[in-house]
Amino acid sequence: MSISVTYQRELALPLIEGIHESPPWGGLMRELVARTYARRAYLVINLANAAADQAPSIVQVAAPRATADPPLDYQKIVDLELHPQGRMRPLRVYSLDEMLDYGRPERLASQKVALQNMGIHYARFLRVTAGGAADAQMLLVREREDFSAAAVATLSSIAPHLTVALKTLAALIEQRLQVALAQSALQRLGIGQMAFDATGRVMAADTHANSLMAFAPEPPPVPGRRLQLIPAVSHALENACEAIASGRLTSVPLPLDTHGGLWILLRKADLLLEQPCAVPTAVGALRTYKRENAAKAHHAIAMIHNLSRNEASLAHQLSLGETIVDAGRNLRLTPETSRSYSKRIYAKTGASNQADLVRLILTGLAPLS
């Protein structure tokens, strides 16, 4: 049965928008339930690299007439050992009869009883895959009569588009992971970053920068935001961005408050971005004082440099700017013991003096602990 362009468009829009929903495609599933006259439905998304104990993403949807019904229990349905769902042919719509185990009468009887108890009398199953990165399974159920040919055609028509959308979602999830990794490392060091255009407009800001600064949205229809700063500081920031855009400057530090407590280092943007993209003029880096968890840092220093627990603790204290005597006192060590430990620390780490040891620790892995 042919599907009208309008019909497909009304499914395609929630399909595209649904990539950014959490969990994804709730709007699409509600549209499918309405158009196929299903009573209940779910969409289950499994990621290939998810941990074994990580629950899949499940979207549960019910028609208005079924809001009081219990949601479909995905695990119970899996436990019924219907047609092995991992072996369902992608893009093909399966009926409930095709999923039942007619080769084992006793098993078939138990499957039917369980399905009846869950209110599943008629069903359609659909599976799509994203090149091994993700797998999605859809189930729509009815109680009083089977799905029409038009309903099955609707599912068949959406299947290839859902496949492409699932591949896009898998790629987006990987990019989100990359961003989270970068932001987590920077935030552990107290660093936040923002991207600016030539006028000083904030094009993007990471989570730490967002927590440190106040922003005001640009008046429509201009996208982006601006930092809420006193006029003199705002003017200096805009001038610096314009100077970087024109090539008169490559980097410049600027105070963001009148007390000089928070500075931003603006530098010419050197980000490697794939097209199409809006390339920023400058990247601004903020840094607040933040030190790592001491116990975790001690463990990292000890493991990396083969130090004892006390030696690692003393080395970490020295990286905080303490003198050998004061660092030892903080650890309840005598000055003589502290000096003895420090000699062993220098020997094991290869540091020539205290300044060299501090450099070694601060540029190593301990600050990321």
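Colleague: What's the strand order in the open sheet, and how do the strands pair?
Modeller: This is a predicted model, and its open sheet has five strands in the order 2-1-5-4-3, with antiparallel pairing. The edges are strand 2 (57-62) and strand 3 (93-95), each pairing on one side only. On average, neighbouring strands are turned by 15° against each other, ignoring direction.

Colleague: How many bridges join strand 1 to strand 5?
Modeller: Eight bridges link strand 1 (residues 40-47) with strand 5 (residues 134-142), and the two run antiparallel.

Colleague: OK, and which strands does helix 2 touch?
Modeller: Helix 2 (residues 26-36) packs on the sheet against strand 1, strand 2 and strand 5, with its direction about 35° from that of strand 2. Helix 6 (residues 149-188) packs on the sheet too, touching strand 1, strand 3, strand 4 (122-129) and strand 5.

Colleague: Switching topic: why is helix 10 largely enclosed?
Modeller: Nine of its eleven residues (309-319) are buried, so the rest of the structure largely encloses helix 10. Among the buried ones are E311, L314 and H316.

Colleague: What do those buried residues pack against?
Modeller: Helix 9 (294-305), helix 11 (324-330), helix 12 (335-349) and helix 13 (354-362). After helix 10 comes G321, with a positive phi near 95°.

Colleague: At what angle do the axes of helix 12 and helix 13 cross?
Modeller: Roughly 55°, and the axes come within 11 Å. That angle makes helix 12 oblique to helix 13.

Colleague: Which residues make the contact?
Modeller: I345, Y346 and T349 from helix 12, with Q354, L357 and L360 from helix 13. Four are nonpolar, two polar and none charged.

Key
Residues are numbered from 1 along each chain as its sequence is written. This is a predicted model: local features need pLDDT of at least 70, side-chain atom pairs count only at pLDDT 80 or more; totals for chains, interfaces and linings use all residues. Side-chain values use heavy atoms; hydrogens and water are left out. Buried means under 20% relative accessible area, exposed over 50%, partly exposed in between (1.4 Å probe, protein chains only). Helices (H or I, at least four residues) and strands (E, at least two) are DSSP runs, numbered from the N terminus. Contact means heavy atoms within 4.5 Å. Axes are lines fitted to C-alpha atoms, for helices over the stretch in contact, and angles run from 0 to 180 degrees between N-to-C directions. Angles under 35 degrees count as roughly parallel, over 145 as roughly antiparallel, 65 to 115 as roughly perpendicular and the rest as oblique. Ala, Val, Leu, Ile, Met, Phe, Trp, Tyr, Cys and Pro count as nonpolar, Asp, Glu, Lys and Arg as charged, and the others, Gly among them, as polar. Two strands pair if DSSP finds at least two bridges between them.
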